[in-house]
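The sequence and structure are shown first.

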Amino acid sequence: TTDLHCHVQPYDYYADKPADTMGLARTASIIEEIRAEATNALLFDNGDYLQGNPMGDYIAYSKGMAAGDIHPVIAGMNTLRYAAGTLGNHEFNYGIDFLEKVNAGANFPIVCANVARKLGASPREDELFVRPYLIVETELADGAGVKHPLKLGVIGFVPPQILQWDRAHLEGNLFARDILQAARAWVPQLREEGVDLVVALAHTGLDASAETEGMENAAYHLAAIEGIDAVISGHQHKVWPSTEYEGEGFDAETGQIMGKPAVMAGFWGSHLGVIDLMLERVGDSWQLAASQSTVRPIYTRGDDRKVTALLGDYT
Ligand code: MN
Ligand code: MG
């Protein structure tokens, strides 16, 4: 999931009526469908979970977060058993203290490698706001049901523009690095820890123009970095694979970008992004044999503009 923006229920609070185009409660049915289909599955969120609808504003500005409170979007996410999440730019909209209270209630780790309380001489010397990465140690069942260990690295990134967009909250308190510079520093460390694969939770969109310092939408170039094996993109509120992106490096058939599996799952829970990896056990390590990215929408819109919900098929 990406860019949930506090859309937990399929409900439009502005119109004050139910809506089939949004809500993690709807995406959840597809998550369960995938879990039922796949032999091995891990669920990730790509950030911008906290802000974006009246419920988010109500909690931040009226109700507040007392010690021990679980924010409703976190409550929904906790129920769905995420393996990890990352920070989006909108996580900082209500200030650092509020964000820390919200994140304290998450039952999954939140990673981000390019936001620091204090910058060091190099990215790896930064005193980071949250952990830069997570190593998920799990077991994968093969086609015969035999289990093998997997060490999966999960690293996160957010646009450094948070420093301008939330200057009132962040100035002097948090610092941000260029996404690609942070990745080039941290990914080798993650590989040194002996992970089999690295997934980037990249709260950043797809922009195939030349790399620039502080680039907001860096996921295209992130995919090209050695040591990153799959990229979960977001922030642009678009869908990949789709016809929205084309040109060199974009393969809409497999969903690969710069030769790496990638996905972008819309916004407000509109889609579940799926990166299906076929791994091969070679000696005591894993090799990526094939990949296919897809997005599964929670609704379809007919020629008459009529919306029909598409709920996951599972029991
Ligand atoms: Mn967003
Ligand atoms: Mg964003």
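In what follows, a residue is buried under 20% relative accessible area, exposed over 50% and partly exposed in between, with a 1.4 Å probe and protein chains only. The model is predicted: local features need pLDDT of at least 70, side-chain atom pairs count only at pLDDT 80 or more, and totals for chains, interfaces and linings use all residues. Residues are numbered from 1 along each chain as its sequence is written, chains are lettered from A and ligands numbered from 1 in the order in which they are written, and side-chain values use heavy atoms, without hydrogens and water.

**Metal site**

Donors are N, O and S atoms within 2.8 Å of the metal (3.2 Å for Na, K and Ca); water is not among the atoms, so sites may look incomplete. Asp3 (OD), His5 (NE2), Asp48 (OD) and His237 (NE2) coordinate the manganese ion (ligand 1) at 2.0 to 2.3 Å. Along the chain these donors have the spacing D-x1-H-x42-D-x188-H. The magnesium ion (ligand 2) is 3.2 Å from the manganese ion (ligand 1), and aspartate 48 coordinates both. Aspartate 3 lies in the segment before strand S1 (11–12), and aspartate 48 in the loop between strand S3 (44–45) and helix H2 (54–63), so the pair ties together parts 45 residues apart in sequence. Aspartate 3 counts as buried because its relative accessibility is 0%; aspartate 48, at 1%, is likewise buried.

Helices (H or I, at least four residues) and strands (E, at least two) are DSSP runs, numbered from the N terminus. Two strands pair if DSSP finds at least two bridges between them. Strand S16 (residues 260–265) is largely enclosed by the rest of the structure, because six of its six residues are buried. Lys260, Ala262 and Met264 point one way from S16, and Pro261, Val263 and Ala265 the other way.

| Partner of S16 | Sense | Bridges | Residue pair |
|---|---|---|---|
| S12 (residues 230–233) | parallel | three | valine 231 – alanine 262 |

**Cysteines**

With a disulfide defined as a pair of cysteine sulfur atoms within 2.5 Å, a search of the whole structure finds zero. The sulfur of cysteine 6 is 20 Å from the closest cysteine sulfur, in cysteine 112, and therefore too far for a bond. Cysteine 6 is buried at a relative accessible area of 0%, and cysteine 112 is buried at 1% relative accessibility.
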